[in-house]
Amino acid sequence: MASLYFKYAAMNSGKSTQLLQAHYNYTERGMNPAALTAQLDNRYGEGKITARIGIDLPAHTFGKTTDIFAFIRQLHDAKALDAVLVDEAQFLSEEQVFQCAKIVDELEIPVMCYGLKTDFLGKLFTGSEALLRLADNIEEIKTICWCGKKATQTARISPEGAVVRAGAQVAIGGNDMYVSLCRKHFVNGEAKAMLPVVKKAQSAA
Ligand SMILES: [Zn+2]
């Protein structure tokens, strides 16, 4: 039975790396996965999923008005698909999440969505909110704050390293604009507290 998966995380958790690994596993078994990413994410050029470990994968893109069900059915008709892997799934609209569910239910193709749960203000993204409601299978990809606790929040930081508390939800610039923090350090705006830890270690030596 095919399922709709939502694998969510804070920024820099290796989500794209996991997607690329899943894609590799399918192709290694002679299967045919389709990879999709958001059109607005052109950090590394359009139509490419890039993992921070330095590998990338050509990908189809979805925009705000893309009918993902129709698009995938067309690909599936041309060559049977075994899986659909969606990166930057937080940017899906609610309607597009329903289209992903329809791919699972009517075409019986598993759909794995990878995305951020919350934005830099700690609010759910539209796509993530719909996926949390509709996915059969929800998994957290864990990463850690500088303090060692689980990072559940993604903070946007200014060039000076201060936590930004206002602005547009989407500001694609690069991974260095964001840091993953635990709730306490997100709420307190402590993004750069790595420094005293380093100092302490040096004075102890
Ligand atoms: Zn922390």
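Q: Across which strands does helix H3 lie, and at what angle does it run to S7?

A: Helix H3 (residues 94–106) lies across strand S1 (4–9), S5, strand S6 (83–86) and strand S7 (111–116). To S7, helix H3 runs at about 155 degrees. Axes are lines fitted to C-alpha atoms, for helices over the stretch in contact, and angles run from 0 to 180 degrees between N-to-C directions. Two residues are in contact if their C-beta atoms, placed from the backbone, lie within 7 Å. Helices (H or I, at least four residues) and strands (E, at least two) are DSSP runs, numbered from the N terminus. The model is predicted: local features need pLDDT of at least 70, side-chain atom pairs count only at pLDDT 80 or more, and totals for chains, interfaces and linings use all residues. Residues are numbered from 1 along each chain as its sequence is written.

Q: In what order do the six strands of the open sheet stand?

A: Strands of a sheet pair through backbone hydrogen bonds, either parallel or antiparallel. Here the order is S5-S2-S6-S7-S1-S8, with parallel pairing; two strands pair if DSSP finds at least two bridges between them. Strand S5 (60–62) and strand S8 (137–140) are at the edges with a single partner strand each, so one side of each has no neighbour in the sheet. From one strand to the next, the twist averages 20 degrees.

Q: How many bridges join strand S2 to S5, and how many residues of S2 are buried?

A: Strand S2 (residues 33–38) is joined to S5 by three bridges, and the two run parallel. Leu-36 stands opposite His-60 in S5, while Thr-37 has Thr-61 in S5 as its bridge partner. With S6, strand S2 pairs in the parallel sense over four bridges; Ala-34 has Val-84 of S6 as its bridge partner. Six of the six residues of S2 are buried, a residue being buried if 20 or more other C-beta atoms lie within 10 Å of its own, exposed if 12 or fewer, and partly exposed in between, with C-beta atoms placed from the backbone.

Q: Which residues of helix H4 are buried, and why do they line one face?

A: An α-helix has 3.6 residues a turn, so residues three or four places apart point the same way. In helix H4 (residues 126–134), the residues Gly-127, Ser-128, Ala-130 and Leu-131 are buried. They line one face of H4 because, seen down its axis, they fall within an arc of 165 degrees, the arc being that of the directions from the helix axis to the C-beta atoms. Their cover includes S1, H3 and S7.
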